[in-house]
Each structure stands twice: as structure tokens, then as C-alpha cells.
Amino acid sequence: MKDEDIQVFINSARRYFHSIDASSPLVVEPPYVKENSPPFLEYTGVIRISGKAKGVVCFTANNTLLRQILAELHDEPKDESAIRDLVGEIANTLSGNAREQFGKEFLITVPVILHGQQGEFRFPAHSRNYVVPLNWRSQSAYLLVCLE
Amino acid sequence: MTLLIVDDSSVVRRAIERDLHSGDITEVDQAQDGEEAVRLYQLKRHDVITLDITMPKMDGLTCLDKILQINPNARILIISALRDRATAIDAIKRGASGFLCKPINPPELREAFELMLSD
């Protein structure tokens, strides 16, 4: 993965949050590379990538941010399942949108959801791990792109 | 008019149902994967279907083929995060009536839906 490839994921994140509320801009802070300890928040959606690229793409956020998105969608979560579902759907959308640049051979799985700060996650063996800090309505989230 | 919404995300299924809710739609069913969608379609032959692609058990393109084997005239709008031209063209060639990229917003969804119905 080249450094400039991260931009397609940033564009996907901007597009997603714009679709939720065009009047609340997503703030994207400078990406950095991380070798260990993923910056996971309360809920994380993990998408495995194969085909043209290999690795994982994760979106992680806290309950508060996810509930705000559900409110914008006019969804009333009765339990945690809607929160878990949403974080997986965001990870799926950001990964799937990257096929705009990487094409049809960028294969994505259905999301796996992690709850908690570490979960069972391990960085892929030979990936370059980019962390993109995001901020929406003063709530933090991270996009983690780990691709060979 | 009956509607079948197929997506592995319950949040997305509920959003689509809310966005498309109108007097024209008398009954809505939901399926969370392709297998469940084919089973439901065999039973009820819905008038229109919205169909995700990336799903467990059976993906949306396989599901599309199976539903079109049951009814070659089925009206199916693909709603997927897969934002590449080749996938959209593939879906249309297989027989989908339309292709909409996630994230979706209500006006775009309603427009795509109405366009599909007008064909």
C-alpha cells in the first residue's frame, strides 16, 4: 500500500458522515503509522481484505458517536445490537467504497464486531498500519487501514 | 405493492423501510442474507426488492441470479457499498433493474426506486 492510497478511505469517511448530516463536517486529522496497540474505542467493525490487497480495515468509535448517527437515521436502539450493527455497517461502507480506486479485485468480507479496547485483534503480519483520527461533533473515532 | 428488503444490517433495513414507506407499499418483508431472501421470495413473489451484495451465507449477486431464475421479470434495486463500475455493470448485465451506492440518502433512494418502477 502506498501512502497516497489512504486518501480513498478518507474520502469514503467524509462521504459517509456527509450523508448522515451535511451540516456537521467530519474533521480528519493527519494520519500516522502505528506498529502495535490498535487505537480501539468501545466498538470496532473489522473488515478483512483479500484479492488485490491483503489486510484489514477497521472503523472504531464510542457509544455516544454511534448513538448520534442512529438518531440522525431516526433509529431508536432498544439494545446494544443496533450499535454493533451500525459500527459494522460503517466499516463495510468505508471498505466497499474503496473499490472506487482499487477495483473489483479488492475483496471485502462481512464485518466482525469487537467490543472493548483490544478484543481479539492482531495486526496482519506484513501490513503497513495507518491510523486516521476522525472527529465528528466533538466525538473521536478512528479509521485503521492495515494493508500489505 | 409488496417490498422485500435484503441487507445484513438491521439498521440499513430499517432505514430503507422508513425512506420508502408510502401508501403504495402495502407490505414489507426483510431478509438478512441471500438464502433467507430466496426463501421469502419463493413464498411471496414480492413486487420489488432492494438487495445488498456483501452478505453472509449467500451474497447478493448469487441471490440476484436465483431470484431471476424464479422470475426473470423481478424488479431488483441493488444497494451496495461496492463503489466500482465493474460491479455495477455486472449486476445490471445479470438483470438488476438499478444500482445505488451506499451511503444512501433518502432523496437518492426514492429517486432510484421510482425510476425502477417507471421502467
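Visitor: Which residue stands opposite B:I5 in strand 2 of chain B?

Guide: In general, strands of a sheet pair through backbone hydrogen bonds, either parallel or antiparallel. Here B:I5 stands opposite B:Q30 in strand 2 of chain B. In that strand, B:E27 is likewise the bridge partner of B:T2. Please note that this is a predicted model, in which local features need pLDDT of at least 70 and side-chain atom pairs count only at pLDDT 80 or more, while totals for chains, interfaces and linings use all residues. Residues are numbered from 1 along each chain as its sequence is written, and chains are lettered from A and ligands numbered from 1 in the order in which they are written.

Visitor: What counts as a strand, and what counts as pairing?

Guide: Helices (H or I, at least four residues) and strands (E, at least two) are DSSP runs, numbered from the N terminus. Two strands pair if DSSP finds at least two bridges between them. Strand 1 (residues 2-6) of chain B pairs with strand 2 of chain B in the parallel sense over five bridges. Strand 1 of chain B also pairs with strand 3 (residues 48-51) of chain B, again parallel, over four bridges. One of the residues involved is B:L3, whose bridge partner in strand 3 of chain B is B:V48.

Visitor: In what order do the five strands of the open sheet in chain B lie?

Guide: The order is 2-1-3-4-5, with parallel pairing. Strand 2 (27-31) and strand 5 (98-101) of chain B each have a single partner strand, so one side of each is left without a neighbour in the sheet.

Visitor: Is strand 1 of chain B largely enclosed or left open?

Guide: A residue is buried if 20 or more other C-beta atoms lie within 10 Å of its own, exposed if 12 or fewer, and partly exposed in between, with C-beta atoms placed from the backbone. Four of the five residues of strand 1 of chain B are buried, so this strand is largely enclosed by the rest of the structure. Across chain B, buried residues make up 44% of the 119 residues.

Visitor: How many helices and strands does chain B have, and in what pattern do they run?

Guide: Chain B has five helices and five strands. From the N terminus on, its elements run β-α-β-α-β-α-β-α-β-α.

Visitor: What is the corresponding account of chain A?

Guide: Chain A has four helices and eight strands. Along the sequence, they follow the pattern α-β-β-β-β-α-α-α-β-β-β-β. In chain A, buried residues make up 41% of the 148 residues. The C-alpha atoms of chain A fill a box of roughly 40 × 30 × 25 Å, taken along the principal axes.
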